[in-house]
Amino acid sequence: MTTVTTDTITVIPDAPPASRPAVSDRARRERRLGLWLSSPSFVVMVLVTAYPLGYALFLSLFSYNLTDPSAREFVGLSNYSTILTDSVWWKDFTTTLAITAVSVAVELVLGFGMAFVMYRILRGRSLVRTAILVPYGIVTVVSAFVWRYAFATESGFVNGLFGLGDYSWFGHRWSSIFVIMVSEIWKTTPFVSLLLLAGLVQVPEDLQEAAKVDGASAWQRLWKITLPNMKAAIMVALLFRTLDAWRIFDNPFVMTGGANDTETLSFLAYRQNVSLVNLGMGSAVSVLLFLSIVVIAFVFVKGFKTDLSQVRGDN
Amino acid sequence: MKTHRGWTIAGVVILLYSAIPLLWMLSLSFKSPSEIAAGKKGFLPTSATFDNYRTVFDNSLFTRALVNSIGVAVIATLVSVVIAMFASYAIARLEFPYKKLLLSMALAIAMFPQAALIGPLFNMWRSIGLYDTWPGLIIPYLTFALPLSIWTMSAFFRQIPWEMEQAAQIDGATPWQAFRKVIVPLAAPGVFTTAILTFFFCWNDFLFSISLTSTDRARTVPAALAFFQGASNFESPITAIMAAAVVVTIPVVIMVLLFQRRIVAGLTSGAVKG
């Protein structure tokens, strides 16, 4: 667009002084149109996030429970100190951290395997891609119920399949967390594998051939050529999935209801705000949850140098 | 030849990965509650029954939730796609200030912890009368669906050869004809794919639905499932919940079967260049 206009200007030698205001006029109109077209998106996104977040920040400084709204009282930062010194917060933090770290790691490895299969398979490629999209599209709550009933002592086939008798998966903390991770991994690995597949197809095939000729083993080619060339796709998948897993809520809610210390941070925010209507304390949890996400995103962007222009944007 | 067969076997493993939990869901939905009570835990039902489907469709809690789910998800998807279409056009074609800000804001909101908002929203919605209503759900869905819509669609729009619009006008088409006959057909697949992904997103929501609704006036299926008790208090609700789960999974499976190629393109083009 812009190149076309500048081209026409340079063709006419004495035009520049006259056409300069015309160009900027055009640019101004373009800018105005751009702002108009994007303003609805701006408004909707800011209104429902920035304002409530500011409100949460404000409420977090009060002792405020809807069961007794008149007793609202300014307490400064004491909600934060209460939360950060409470073992519930740290237990939930550990649970969330464990689920995030293990799920994302397994998803990356499994997702890479799936991407590789989809890349190499000749017969039934589109069938495999179709099949993989079903877990991606399925409602998380449905996945949670399906896996819960598969592991449950009274209804599940898993114990019978592995000869575990009446082992109570939901009776212990880490076995419950394991089942939650199974559901999480099953549903989201397909998304990871599709992102990785997009990166995989961009790895230059001639590099692979050259390395093969030079006698590199399949393992060496994977580590020295394939993976380094997919770095952008891997980092994007890692960033998205880490932030997503950190917000996990549906699976623990449906599968355990938070029993046996399986509550996550999002679950804690829900429980404080909605179940207990303890809005002062709940808002402080919300703010801390928000800050934890900011820290993770910051570590990825600055620490791991994840190139977010790869995600979309300024190219 | 040997490696070729190896990849095919690996493909079959992936098929099983997707299929087994789905088959398990189907199987449970055809078991009778008494079979669960009798402790028969086999993968397949000993005798198949449609009773669970009858139970859920006779239950107004479920049918209302289904109507709510469809209504809320469809409206939120349509509005989100229209609003995002304007923004994506601007991003793909125009030079304007705050373009980077818009994109980074969309990115930030995609990463935003929704659970941090439910407290304030719960309180605000109650005071302005949006609690337990369709708009009360549609508004937060819109906010969180917009980033997804904007990325996916602007990625598609960047690939459109916009010069063809001018070419058509030079060939004598009016601006409207050029837009309708050239641009609309080129942009439609991207818009459509974005709509599918946005619909999946809204269809999936659970957190807002359980936090911002309290009755079947606006409660969607995922939230209703969490509260569902079965045909009577004396029966296991497992089989009925699975029948309801099958019902909400059907639209997903149909869309995946029909639009597999587009969904893959949409998922990857929005996230990684290429």
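A residue is called buried when its relative accessible area is under 20%, exposed when over 50%, and partly exposed in between (1.4 Å probe, protein chains only). By that rule, 56% of the 274 residues of chain B count as buried.

This is a predicted model, in which local features need pLDDT of at least 70, side-chain atom pairs count only at pLDDT 80 or more, and totals for chains, interfaces and linings use all residues. Residues are numbered from 1 along each chain as its sequence is written, chains are lettered from A and ligands numbered from 1 in the order in which they are written, and side-chain values use heavy atoms, with hydrogens and water left out.

**Stop 1: chain B as a whole**

The C-alpha trace spans about 75 × 70 × 35 Å along its principal axes. Chain B exposes about 11500 Å², of which carbon and sulfur atoms supply 68%; accessible areas come from the Shrake-Rupley method with a 1.4 Å probe, and for residues only the protein chains shown count as cover. A contact means heavy atoms within 4.5 Å. Among the contacts in chain B with a separation of 6 or more, 72% join residues 24 or more positions apart.

**Stop 2: the core**

A nonpolar core is a set of buried Ala, Val, Leu, Ile, Met, Phe, Trp, Tyr and Cys residues joined through side-chain atoms within 4.5 Å. Which members of the largest nonpolar core touch the most other members? Select Val142(A), Leu196(A), Tyr270(A), Phe200(B) and Met242(B), out of 183 residues. Helix H12 of chain B (residues 238-271) gives the most to this core, with 16 residues.

Now centre on Tyr270(A). Leaving out residues up to four places away in sequence, Tyr270(A) touches Phe249(A), Phe253(A) and Ser275(A), and from chain B Ile118(B), Leu207(B), Ile210(B) and Ser211(B).

**Stop 3: aromatic pairs**

Rings of Phe, Tyr and Trp (its six-membered ring) pair if their centres lie within 6.5 Å; planes under 30 degrees apart count as stacked, over 60 as edge-to-face and the rest as tilted. The count by this rule is 44 aromatic pairs over all chains. Select Trp219(A) and Trp223(A): the pair is edge-to-face because the planes are at 65 degrees, with ring centres 5.9 Å apart. Both lie in helix H10 (residues 218-229) of chain A, four residues apart, about one turn of the helix. Trp219(A) counts as exposed, at 59% relative accessibility.

Next, select Phe199(B) and Trp203(B). Their ring centres are 5.3 Å apart and their planes at 25 degrees, so this pair is stacked. Both residues are buried.

For a cluster linked by ring pairs, select Trp147(A), Phe151(A), Tyr167(A), Trp169(A), Phe178(A) and Trp186(A).

**Stop 4**

Is Glu165(B) buried or exposed? Glu165(B), in helix H8 (residues 163-170) of chain B, is buried, because its relative accessible area is 15%. Apart from neighbours within four places in sequence, Glu165(B) is in contact with Arg93(B), Ala178(B), Phe179(B), Val182(B) and Ile183(B).

Glu235(B) lies in the loop between helix H11 (221-227) and H12 of chain B. At a relative accessible area of 37%, Glu235(B) is partly exposed.

How values were computed: Helix = DSSP H or I, 4+ residues; strand = E, 2+ residues; numbered from the N terminus.
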